Amino acid sequence: MNTIRQILSIAILSSNLLVVCAHAQNAVIVNGTPIPKAKLDNLVKKSGQADNPQVRDQAREMLVTRELILQEADKRGLTQSETVREQIEQSKMGILVSAVFEDYIRKEGITEDELKAAYESMKNQYNGKEYQVQHILVEKEADAKALTAKIKAGANFDDLAKSKSKDPGSASTGGNLGWVGEKSLVPEFSNAMVQLKKGQVTDKPVKSQFGWHIIKVDDIRDVKTPSMDEVREQLKQMIASDQNWQKAKFSEMMQKLRAKAKIQ
């Protein structure tokens with residue numbers, strides 16, 4: 001009798017262990033259908049969010065929803081419906097067409113001549129001057145005039161910018177905005193900046209939507225044109241986004257496929 005009890009206990013324990021192992025390998029089991037934990041891990045990874053319990057719960061619910069829909073569609077016989085199967089096939093074909101075309105573009109679609117032509121066109125954007133500029137931003141014109149007078153009297157621009165400027169992005173560095181082009185800033189600021197020579201400070205405060213600026217130009221240089229290699233990926237994206245180019249390349253791809261195919 002004891003032997004029979006021991007055998008039954010072992011059998012129950014083994015059964016429980018199998019259930020635990022099954023649950024450890026699966027994210028969830030829906031109406032007897034297991035969804036592997038690997039599928040949950042992959043969904044969390046693709047979400048781009050930090051892996052935490054909340055994100056995992058959301059991903060698990062999404063997998064459950066998908067499985068319930070699949071099961072219900074099968075139960076209702078919809079997976080055997082000719083109309084539904086045609087729609088699935090059309091969706092599948094659309095995905096494959098996009099994937100094949102994107103792979104073609106990535107590997108052989110953009111020629112070196114096209115890159116060179118796009119680069120020559122892009123080079124026209126790199127003209128004019130760049131300015132290494134500092135500024136002090138305050139709310140009131142009277143405060144800006146007072147600071148301008150102090151600078152003209154010999155006060156240190158960097159120190160005043162650190163203590164008085166309301167610009168959170170540049171105050172801590174003495175008002176330094178780095179190298180900027182004249183079109184990269186608000187018009188009122190740019191118009192005053194381009195009138196200054198190297199080392200000069202604006203005689204009068206400049207009003208913009210942000211407040212009153214005192215502007216100092218530390219240096220001036222010609223805009224540097226990057227090499228083609230430096231902007232190669234940017235050029236590829238620019239070319240590939242052109243719809244007319246896409247149509248021409250798709251036609252080119254299909255011509256190549258037909259030329260290699262045996263069509264009877």
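Biologist: Is Ser-170 buried or exposed?

Modeller: Buried means under 20% relative accessible area, exposed over 50%, and partly exposed in between, using a 1.4 Å probe and protein chains only. Ser-170 has 1% relative accessibility, so Ser-170 counts as buried. This is a predicted model, where local features need pLDDT of at least 70, side-chain atom pairs count only at pLDDT 80 or more, and totals for chains, interfaces and linings use all residues. Residues are numbered from 1 along each chain as its sequence is written, and side-chain values use heavy atoms, with hydrogens and water left out.

Biologist: Where does Ser-170 lie?

Modeller: Helices (H or I, at least four residues) and strands (E, at least two) are DSSP runs, numbered from the N terminus. Ser-170 sits in the loop between helix 7 (157-164) and strand 4 (176-181). Contact means heavy atoms within 4.5 Å. Setting aside neighbours within four places in sequence, Ser-170 is in contact with His-135, Gly-175, Asn-176 and Leu-177.

Biologist: How do I read a nonpolar core? Which residues touch the most other members of the largest one?

Modeller: In soluble globular proteins, nonpolar side chains tend to be buried together. A nonpolar core is a set of buried Ala, Val, Leu, Ile, Met, Phe, Trp, Tyr and Cys residues joined through side-chain atoms within 4.5 Å. The largest core here has 14 residues; Ile-105, Ile-110, Leu-235 and Ile-239 touch the most other members. Helix 4 (82-109), helix 5 (112-123), helix 9 (232-240) and helix 10 (243-260) each supply at least two of its residues. Helix 5 gives the most, with four.

Biologist: Which residues of helix 4 are buried?

Modeller: Phe-101, Tyr-104, Ile-105 and Gly-109. These buried residues pack against helix 5 and helix 10.

Biologist: How do I describe two packed helices?

Modeller: Two packed helices are described by the angle between their axes and the distance between the axes. Axes are lines fitted to C-alpha atoms, for helices over the stretch in contact, and angles run from 0 to 180 degrees between N-to-C directions. Under 35 degrees is roughly parallel, over 145 roughly antiparallel, 65 to 115 roughly perpendicular, and the rest oblique. Helix 5 and helix 9 pack at about 100°, with axes 10 Å apart. They are therefore roughly perpendicular to each other.

Biologist: What about helix 2 and helix 3?

Modeller: Helix 2 (residues 37-47) and helix 3 (residues 53-75) pack at about 120°, with axes 9 Å apart. Helix 2 and helix 3 are therefore oblique to each other. Their contact includes Leu-40 and Leu-43 of helix 2, and Ala-59 and Leu-63 of helix 3.
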